[in-house]
Amino acid sequence: MEPAAVTERLLNKTVLITGATGFIAKLLVEKILRLQPQVKRLYLLVRAGDQVSAQKRVESEIQQLQIFESLREKYQAHFSSWFWSKVYPVAGDVSVKTLGIGNAVLAEDMVKETNIVIHMAATVNFRERYDTALAINTMGVKHVMEFASRCAKLDLVLLASTAIVNLGKGIMLEKPLHQYRSYDGQSDLDISEEMAFAEAKLKELVCSNASEDTIRRTMKKIGVQRARKFGWANAYAFTKAMGEMLAYEHRSRLPVVIIRPTATISTWKEPFPGWIEGVNTIDIWVTNYGKGHMKFLVGDITRTVDIVPADIVVNAMLCIVSCHPQGSSDMIYHIGSSTRNPFKIHELIHVMCRYFSEKPYTNGKGDVVMVKPPNVEAAMDSFYELMDIHYKVPLQDMLRHELSTAIDHNRYNQLKTEYNLTVTVAETYWPMALFKGRFDDSNMQRLIMMMDEKDRELIPCDTKFINWEKYLMETHIPGVMEYESRAAARARL
């Protein structure tokens, strides 16, 4: 494709979006509809048993969201009919061949009509079961590529990956990983063998009559073990990396490109500031610290924490759709901030402390939670020593002296819960929190330079202009704490 205005690129186009009920995908749907009302059709692939269920999911989890308020105001009473004239829910599952689309006529229509495939379906749980992560993050790519290869009018396949597939040292380039090799390229990596390994382990557990809980915990542990064996931080990064490798296979036959966002957080500006769903990445620290649940963190405060607002990620995706040159050897784009606008971990800690000192959290009992600056350790060994001193030894002492009163039991349970949470977060996120590198974004910057001034205003995707402290203090942390409050209220119903 030659560079074109983003609205022109989407005019009368049919777009397939997988994982449409995900956080970023919802924002992408809204932005496309707002940016180009004359897009022909958005096929939204969602996990559902049938078309009726798929439509209900899209209605409740997408159409009714607050992010569509500006479109509701624009179309007034006609919003619903206009929305459904553009959006077509599809019941499916990327972990299944043919994307699990049971309606053969619909599948054939999609093959005939689809111009752009945006594959976003994924499990983003760092501690996911290995079999589940393989099925969705790895085999899902294979099935999407097989579907795309049948599309007669295909312009582009955009695969949403993650920057943490490439966590080395120094500058992480926008380059493919070693094809079917370990992260360091020193040993073979056979995806079919990994699938067979996971299936065999699962079968072994089932045949031994293991409980569901044992199966779940064992398959999660295996995911970490396999990831570390081949040089990745966790099952999420490992299975996404293998998905990229499957996509590389098709680059000579299909117009495949990959976007690797860094840690994605709430919206900066669009459709309004501070919208978020879920608590991930830095928000695991933010929310648990603010609630007084986490007093110890693992991280190198001198290093950069690479974060990017969700609307910047969406705009970068649309920039790629609009400007990626046909036949280009560049197929990978980083979207983040560590190169353009670095933000250090010590600055994040400062903002967290400042925010919760000015606006302390009030818990469900109505108690105001006052927090002190967290203790941040730059190595796991020293972190574990602190865990022994502050948690394991006191917990053992409490047990030795017996828990004679309700207060004793409550204190013990609170301390044990705090310990388990702190250790789990540290063990899950230390590869990112101790990461000694930054992500090059030269390919992304070249695309931005190809856009005209109007498109740079319509789809701004340069993190250079973000004032991190202002954004986090006034927009992001209030947004994520409001989300947490809503989630807690729903849980009490």
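Helix 15 (406–433) contributes four residues to the lining of the second largest pocket, which is the most that any element gives, and helix 18 also supplies at least two. Helices here (H or I, at least four residues) and strands (E, at least two) are DSSP runs, numbered from the N terminus. The volume of this second largest pocket is about 510 Å³, and of the 17 residues that line the pocket, Lys291, His293, Asn363, Lys365 and Gln414 are the closest to its centre. Sorted by class, its lining has four nonpolar, seven polar and six charged residues, where Ala, Val, Leu, Ile, Met, Phe, Trp, Tyr, Cys and Pro count as nonpolar, Asp, Glu, Lys and Arg as charged, and the others, Gly among them, as polar. On a 1 Å grid over the protein atoms alone, a pocket is an open set of points with protein on both sides within 12 Å along at least five of seven lines, a cavity is a set of points where a 1.4 Å probe fits but cannot get out, and lining residues have an atom within 4 Å of a point. Grid points are joined across faces, edges and corners, and a volume is the space filled by probe spheres set on the points.

The model is a predicted one, in which local features need pLDDT of at least 70 and side-chain atom pairs count only at pLDDT 80 or more, while totals for chains, interfaces and linings use all residues. Residues are numbered from 1 along each chain as its sequence is written, and side-chain values use heavy atoms, with hydrogens and water left out.

Two cavities of 30 Å³ or more are found in the structure. The largest cavity holds about 60 Å³ of space, and its lining consists of Leu27, Glu30, Lys31, Arg34, Glu270, Pro271, Asp311, Val314 and Asn315. Helix 2 (23–35) and helix 12 are the elements that give two or more residues to this lining, with helix 2 giving the most, four residues. By class, three residues of the lining of the largest cavity are nonpolar, one is polar and five are charged. The second largest cavity, with a volume of about 30 Å³, is lined by Asp306, His334, Ile335, Gly336, Ser337, Ser338, Thr339, Phe439, Asp440 and Asp441, and this lining divides into two nonpolar, five polar and three charged residues.

The structure contains 28 salt bridges, each being a side-chain nitrogen of Lys or Arg within 4 Å of a carboxyl oxygen of Asp or Glu. In one of them lysine 291 pairs with glutamate 484, their closest N and O atoms being 2.5 Å apart. This pair links distant parts of the chain, since lysine 291 lies in the loop between helix 11 (282–290) and strand 9 (296–298) and glutamate 484 in helix 18, 193 residues apart. Both lysine 291 and glutamate 484 are buried; buried means under 20% relative accessible area, exposed over 50%, and partly exposed in between (1.4 Å probe, protein chains only).

Another salt bridge joins aspartate 462 to arginine 340, again with the closest N and O atoms 2.5 Å apart. Aspartate 462 lies in the loop between helix 17 and helix 18 and arginine 340 in the loop between strand 11 and helix 13 (345–358), so the pair ties together parts that are 122 residues apart in sequence. Aspartate 462 counts as buried because its relative accessibility is 10%, whereas arginine 340, at 27%, counts as partly exposed.

A further salt bridge, between aspartate 397 and arginine 400 (2.1 Å, N to O), lies within helix 14 (residues 380–400), where the two residues are three apart, about one turn of the helix. Aspartate 397 is partly exposed at 27% relative accessibility, and arginine 400 is exposed at 58%. Elsewhere, salt bridges that share partners join Glu30, Lys31, Arg34 and Glu270 into one network.

Which charged residue is buried yet has no salt bridge? Lysine 240 is that residue, and the nearest side chain of opposite charge, glutamate 244, is 7.7 Å away (Lys and Arg count as positive and Asp and Glu as negative; His and the chain ends are not counted). Lysine 240 lies in helix 10 (residues 235–248).
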